[in-house]
Amino acid sequence: DETAALSDPIGERFEVMLGLLVHRALQWLAQLQASAQASFAMETLDSAALTERLQRWLSSLKAPADQYDTLVEQAAMQINNTLQDESGRWILYPHEGAQNEWPLSGVVNHQLTNAVLDRSFVHNNERWVIDYKTGSPKHGEDVEVFIKLETVRYRQQLKRYKILLSALQPLTVRTALYFTALSRLEEIQID
């Protein structure tokens, strides 16, 4: 929302930095899970090691120094929420055909479209597309109302992803949002 960005540019930058940090951490965890190093239980990831890695990534993102502690705290909380959640662990599991931050290009509605999919994999012969969301309801906002609004907001984006993937392989494509702050997977039905 451009109006919100104009009225709260600091908050908007914070949300962008938080999103980038959480996305990077989830990509790292999924790759770690798929590698030979995956002998750890994700639910028991060492918090000091995670904090150190988050701080390192944050410095490469050139985040304002006065926001470091809050960004690291919020990102670590969302990562831990994801790792404690059965759906979160399922998303990060080393599925067949798994991709993280997967760049795709193709034609959607007669227009060249570029996209980067947060997480995609094949499960039970269906291609899943997961779009991570780090936002959460504002103080006093109902969680279900927030989820519904976010679903409406991102439906067209997920539809583009589904069209791009359907052109690549003959699998059913399922789309979902995963809310890291809420530990919630919300499948979005796309026609």
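**Salt bridges in a predicted model**

Me: Is E186 buried, exposed or partly exposed, and what is the relative accessible area?
Reply: E186 is partly exposed, at 21% relative accessible area. Buried means under 20%, exposed over 50%, and partly exposed in between (1.4 Å probe, protein chains only).

Me: What does E186 pair with?
Reply: R184, in a salt bridge with the closest N and O atoms 3.1 Å apart. A salt bridge is a side-chain nitrogen of Lys or Arg within 4 Å of a carboxyl oxygen of Asp or Glu. R184 is partly exposed too, with a relative accessible area of 21%.

Me: What sort of model is this?
Reply: A predicted one: local features need pLDDT of at least 70, side-chain atom pairs count only at pLDDT 80 or more, and totals for chains, interfaces and linings use all residues. Residues are numbered from 1 along each chain as its sequence is written, and side-chain values use heavy atoms, leaving out hydrogens and water.

Me: How many salt bridges does the structure hold?
Reply: It holds 7.

Me: What does R174 bridge to?
Reply: E126, with the closest N and O atoms 2.9 Å apart. That pair links distant parts of the chain, 48 residues apart: R174 is in strand β4 (residues 172–179) and E126 in strand β3 (residues 126–133). Strands (E, at least two residues) and helices (H or I, at least four) are DSSP runs, numbered from the N terminus.

Me: Switching topic: where do R56 and E52 sit?
Reply: In helix α3 (residues 47–60). They are 4 residues apart, so about one helical turn separates them.
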